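Reader: I am new to protein models. Could you show me how to read one, feature by feature?

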Amino acid sequence: MSHDSIVHDDEGAVPPTLPSDPSRRFWIGTTCAVGGAAGAALAVPFVSTFAPSEKARAAGAPVEVDVSTLAPGEMRTVEWRGKPVWIINRTKEQLGSLKQNDAELADPKSLRPGFTPPYAKNEWRSRKPDLFVAVGICTHLGCSPTPKFTTGPQPSLPNNWDGGFLCPCHGSTFDMAGRAYKNKPAPDNLEVPPYQYLSDTRIIIGVDETNKA
């Protein structure tokens, strides 16, 4: 509005400013409040992404497992450090087949460093013959092999298959001790994680003589 358009009273004074509309004040205040709440709501999930979850905090912790109900021939999978860990109660027949595979394996005595702790550098790759503990990740490109415990001819497996594991990604095969077969993509045996027996029926994964909790 220009200066000439201002209306003066008889004495030349500019009339006082009219009081503001109460309803207008209400809507302005409501709009600000809603906008602030929306901003806070958006901020909460953004900030929460930086807070570690309970699962993340526990990911590196040792895992205790009760194996008392694990029947011969059965396998159980638990998670440790974000990895699947297999616990297998091998049968007498599965253990008996291990000696027959040595000539076909890339590292039958688990001499290559980095995948087998000292207490598992034996024919069974375990502390006790029956219970086998291994990280269920192929040593080729990190796929998870599939248990193939049934013996005999099967798709993608040799006719003399004695049971073990088949990686579905590139065809690597492992015996019932997690040892890699020759002429396959996987260069090494499956990893045996650190573990100990707490009792005859309970083990702890992530702890051994050189790896303390």
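Author: Gladly. Keep in mind that this is a predicted model. We begin with a sheet. Strands of a sheet pair through backbone hydrogen bonds, either parallel or antiparallel. Here 3 strands form an open sheet, in the order S5-S6-S7, and the pairing is antiparallel.

Reader: Which strands are the edge strands of this sheet?

Author: Look for a strand that pairs on one side only. Strand S5 (146–148) and strand S7 (173–175) are the edge strands. Neighbouring strands here are also turned against each other, by 25° on average, direction ignored.

Reader: How many bridges join strand S6 to S7?

Author: There are 3 bridges between strand S6 (residues 164–166) and S7, and the two run antiparallel. Leu166, for instance, stands opposite Thr173 in S7.

Reader: Next, the rings. How many aromatic pairs does a search of the whole structure find?

Author: The search finds 4 aromatic pairs. Take one and check two values: the distance between centres and the angle between planes. For Phe149 and Phe165, the ring centres are 5.7 Å apart and the planes are at 80°, so this pair is edge-to-face. The cut-off for that label is an angle over 60 degrees.

Reader: Where do Phe149 and Phe165 lie?

Author: Phe149 is in the loop between S5 and S6, while Phe165 is in strand S6. The pair therefore ties together parts that are 16 residues apart in sequence.

Reader: What kind of aromatic pair do Trp161 and Tyr181 form?

Author: A tilted one, with 5.9 Å centre to centre and 40° between the planes. Trp161 lies in the loop between S5 and S6, and Tyr181 in the loop between S7 and strand S8 (195–199). This pair therefore joins parts 20 residues apart in sequence. Trp161 counts as buried because its relative accessibility is 2%. Tyr181, at 8%, also counts as buried.

Reader: Which residues do ring pairs link into a cluster?

Author: Trp86, Phe149 and Phe165 make up the cluster. Follow Trp86 back to its strand partner. The bridge partner of Trp86 in S4 is Ala134. Strand S3 (residues 83–89) and S4 pair in the antiparallel sense, over 5 bridges.

Reader: How many residues of strand S4 are buried?

Author: In strand S4 (residues 131–135), 5 of the 5 residues are buried, so the strand is largely enclosed by the rest of the structure. Now check each face. Leu131, Val133 and Val135 are on one side, Phe132 and Ala134 on the other, and all are buried.

Reader: Now the backbone. What is phi of Ser110 near?

Author: Phi of Ser110 is near 55°, a positive value in a residue other than glycine. Ser110 sits in the loop between helix H3 (92–96) and S4. Its relative accessible area is 0%, so Ser110 is buried. Ser156 has a positive phi too, near 70°. Ser156 is in the loop between S5 and S6. At 59% relative accessibility, Ser156 counts as exposed.

Reader: Which residues does Asn101 touch?

Author: Leave out residues up to four places away in sequence. Asn101 then touches Asp162, Asp175, Arg179 and Tyr181. Asn101 lies in the loop between H3 and S4. It counts as buried, at 2% relative accessibility.

Reader: Last, the whole chain. How many helices and strands are there?

Author: The protein chain has 3 helices and 9 strands. From the N terminus on, the elements run α-α-β-β-β-α-β-β-β-β-β-β. Of its 213 residues, 33% count as buried. Contacts tell you about reach along the sequence. Among contacts between residues at least 6 apart in sequence, 55% join residues at least 24 apart. The accessible surface comes to about 12,800 Å², and 59% of that belongs to carbon and sulfur atoms.

Note on methods
Residues numbered from 1 in each chain as written. Predicted model: local features only at pLDDT ≥ 70, side-chain atom pairs only at ≥ 80, totals over all residues. Heavy atoms only, no water. Pairing = 2+ DSSP bridges. Helix = DSSP H or I, 4+ residues; strand = E, 2+ residues; numbered from the N terminus. Axes fitted to C-alpha atoms, helices over the stretch in contact; angles between N-to-C directions. Phe/Tyr/Trp six-rings, centres within 6.5 Å; stacked < 30°, edge-to-face > 60°. Buried < 20%, exposed > 50% of the residue type's maximum accessible area, 1.4 Å probe, protein only. Contact = heavy atoms within 4.5 Å. Areas by Shrake-Rupley, 256 points an atom, 1.4 Å probe, with all protein chains shown as cover.
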